[in-house]
Amino acid sequence: MALPVAEWRGRTARLWAALDPALRERLAAASLHDAVRLGCDLLRTEEGEEAALVRLCHRAPTDKKPEAASWYREQGNREFRRGRYRAALKLYSKAVSHELPGSPEVSVCFANRSAALLHLGHFEVCLEDIARAESHGYPDRLLPKVLLRKAECLLCLGRLQDAQEILGVLESKIALDGVMTTHLTRLKKLSQVKAKLGEKVCPEPAREAHGGIQGKPEIWEENNSISGASSSVSLSFDAERGRHLVASQDIVPGQSLVKEEAFVSVLCPGESLPLQEGDTAWDARATNADLYCHHCLRQLLASVPCQGCSYAKYCSQHCADVAWQQYHRTECCLGALLLTLGVFSHVALRTVLLAGFAEVSRLVAWSHRGDKDLQNPEARCKPLSEASDAGAGSRGIPGCDSNGRYQSSYQALFHLLPHTEQHSPEHKFLCTLSVVAMCKQLQAAGLEAAVLNQESPQQWCKPKTCEKTSDELSPELKTMAEAMLRHMLQLQCNAQAITVMQELGPGDGAVVDKKPVRLATAFFPVLSLLNHSCCPNTSVSFNGTVATVRASQPIPSGQEVLHCYGPHQCRMKVAERQQLLTQYFFECRCRACLEELESGVKSVVSIRNAFCCPKCQAQMQGEEDILYCSNEACATSASRENLSGRLQDLQQQIKKALDLLSVGKADQAIKMLLKCQMDAGTFLSPEHLLMGEMEDHLAQVYATLGKWQEAARHLKKSIEIVEMHHGPSSVETGHELFKLAQILFNGFVVSEALSTIQRAEGILSVHFGPQTAQIQELQEMKACLSELPRNILQRT
């Protein structure tokens with residue numbers, strides 16, 4: 001959730017409406033500096049607002065609760081006994097995040113989790129959890145069990161000497177009972193056989209392997225004047241387009257143009273039901289906060305919890321330590337408040353923490369001297385203060401340093417336009433009260449010195465759930481609040497969603513389906529240089545906190561490098577795109593929009609996603625509530641509301657079919673999907689995107705049953721429709737071809753599988769580069785098929 005919770009938004013809206021009109025006018029026209037000052041005065045006098053925020057924070061607790069840890073561990077044990085090791089793994093991770101530091105139960109949680117990891121075949125990570133259990137004082141009476149598990153992991157990894165040493169320790173140190181002796185004998189015999197054969201058993205799963213087939217390294221030459229950019233682009237500036245990137249040479253599809261580490265990123269917590277008063281049950285669902293590292297954003301397998309709160313989780317102790325030193329030592333106590341005030345507030349706070357008070361105060365002071373010029377694009381092109389090293393730089397482009405270099409730095413980030421005068425007064429008021437509330441809580445928690453980089457606490461503080469304070473903010477905290485307000489306003493136009501392809505379902509089937517998921521919100525100063533187009537010539541992908549921009553089509557020298565902010569011409573009509581883009585305070589004049597607006601030709605999206613006549617299947621047309629058949633001989637009419645209702649009912653039926661599949665009722669799912677297809681054919685265009693989705697779902701069900709030929713037939717129909725909507729070289733088509741390659745591979749349709757792999761690889765490498773997991777899997781499938789005997793290849 002980018003903005004604060006609905007209740008806080010509602011309270012600030014009511015407070016705004018109740019203000020004296022003269023004060024509303026002052027706030028609406030106030031500079032960022034004056035807005036913070038007025039916001040401080042309002043929160044001091046409106047004590048009810050602070051009390052309300054305290055109550056809201058109680059609904060999102062982030063402190064450690066041993067009773068929650070006990071409940072999660074019991075649920076994990078239950079799932080483990082059922083053989084549902086993935087579910088057990090996530091529950092044990094939730095349990096360890098709630099255990100108090102120093103508690104003997106911490107080691108038990110790690111040991112339990114190691115057992116789940118062993119069953120899932122993650123042997124290296126299992127060893128790490130065993131080491132954690134031992135370092136946290138795992139009970140001596142239970143030690144044989146984890147040592148035996150450790151020996152089995154070592155054997156499966158082929159580390160025979162290490163396994164022998166562990167078994168020797170067990171033999172000499174502990175008197176084992178009969179069951180344990182049986183296991184020990186089995187392992188000893190296995191190790192002896194392994195020592196003779198000199199080969200490994202139980203290899204690590206492919207997804208954990210770091211070796212394997214490697215893609216070709218990308219050619220990259222660093223730009224001398226733009227950090228993280230290729231030498232094939234250059235930085236330009238004009239009053240209409242602002243800062244933007246232009247091709248300085250001819251660029252080919254797939255060529256990398258920008259590789260940038262986020263200046264700041266904050267994990268989006270994901271959907272989770274807040275606890276209500278009197279709730280005793282805990283939420284067992286896994287959200288983004290449980291699945292990804294809160295620092296580097298990599299997928300978690302066995303998380304390392306923060307020592308001070310139950311919310312922050314990391315992929316390693318290194319990430320936990322770095323996060324603590326850079327920002328989490330301040331944020332740890334404010335978890336409930338940050339979850340209540342939303343991701344934009346959190347990004348604003350973390351930005352100033354990473355920049356440091358000295359840099360923040362320097363740029364805030366500079367902005368006061370050039371405040372009027374910051375709203376004038378032409379004036380912003382000039383150095384604002386030659387006496388200040390925070391100016392626009394020798395080339396006159398905002399954000400460049402004194403040498404004319406544009407870096408992914410706080411200075412570049414600070415120069416992103418906040419559009420202070422174009423935001424609605426109500427939104428500006430909401431952001432103001434939110435940042436003031438954060439700074440007041442920092443002061444109440446005794447963290448002001450840490451925020452100002454005057455001390456570095458080495459221990460975590462006890463979480464305080466937004467305790468009320470009416471103390472006046474110090475001048476230094478007001479400076480930080482002003483910068484945070486600036487960043488909150490900047491985020492509406494400059495926030496970058498970091499997305500990942502997330503597996504649907506357990507992810508252990510022969511064909512893995514994925515969907516894009518918003519993982520985090522970030523500031524990328526260099527990526528922010530790219531202007532929008534509804535028909536972009538680039539594609540952006542993410543690896544953790546690193547964004548890579550690649551050309552998705554040829555870009556001739558001198559042409560602007562363009563990025564899509566969301567509304568793509570393939571996905572929505574021009575009117576819908578223009579409406580969605582109003583949040584960025586500009587009117588899109590890209591080629592796609594101009595062609596649709598000036599030609600008056602009906603959008604291809606409208607035609608392909610149209611309703612069709614229930615009688616003759618011709619396209620229905622009209623802009624009013626009543627639609628008419630385009631076939632004059634038919635003259636059938638229908639209510640738009642009625643057809644839209646049928647579409648919604650159809651989507652609900654499809655969801656029910658997928659629910660049946662998720663519980664193993666594949667045959668019933670097929671019957672329901674086929675019925676949905678027949679119904680859809682009576683009122684939807686054959687090219688409607690939903691028709692393609694149903695074909696995709698049918699392919700998924702047939703693949704689950706191992707009926708590869710049927711699955712391939714339906715998926716090919718899906719691909720035809722996806723190509724019509726998104727284009728034959730689109731990333732959407734690439735993902736569908738990847739699934740088809742999996743189906744053909746599993747169905748042993750060798751020659752067609754090889755050609756599909758080649759096409760999928762060509763498309764996906766353009767959008768994601770040669771090193772991604774999907775490309776690696778395609779190459780592994782191709783290598784496996786290519787090694788088959790020639791006579792088999794010829795037959796298939």
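To get my bearings, how many helices and strands does the protein chain have? And then, which residues touch the most other members of the largest nonpolar core?

Mentor: Happy to! Keep in mind that this is a predicted model. The protein chain has 32 helices and 15 strands, and 52% of its 796 residues count as buried. Take contacts between residues at least 6 apart in sequence: 65% of them link residues at least 24 apart. Now to the part you asked about. The largest nonpolar core holds 84 residues, and within it Leu349 and Tyr410 touch the most other members. Helix 19, spanning residues 425–444, is the top contributor to this core, giving 10 residues. Zoom in on Tyr410 next. Leaving aside residues up to four places away in sequence, Tyr410 touches Phe263, Thr351, Val352, Ala355, Glu359, Val360, Leu363, Ala483 and His487. So Glu359 and His487 are among the neighbours of Tyr410, alongside Phe263 and Leu363, even though the core itself is by definition made up of buried Ala, Val, Leu, Ile, Met, Phe, Trp, Tyr and Cys residues. As background, nonpolar side chains in soluble globular proteins tend to be buried together. There is also a second, separate core of 53 residues, and its members include Leu627, Ala669, Met691 and Ile763.

Definitions and conventions. Residues are numbered from 1 along each chain as its sequence is written. This is a predicted model: local features need pLDDT of at least 70, side-chain atom pairs count only at pLDDT 80 or more; totals for chains, interfaces and linings use all residues. Side-chain values use heavy atoms; hydrogens and water are left out. A nonpolar core is a set of buried Ala, Val, Leu, Ile, Met, Phe, Trp, Tyr and Cys residues joined through side-chain atoms within 4.5 Å. Buried means under 20% relative accessible area, exposed over 50%, partly exposed in between (1.4 Å probe, protein chains only). Helices (H or I, at least four residues) and strands (E, at least two) are DSSP runs, numbered from the N terminus. Contact means heavy atoms within 4.5 Å.
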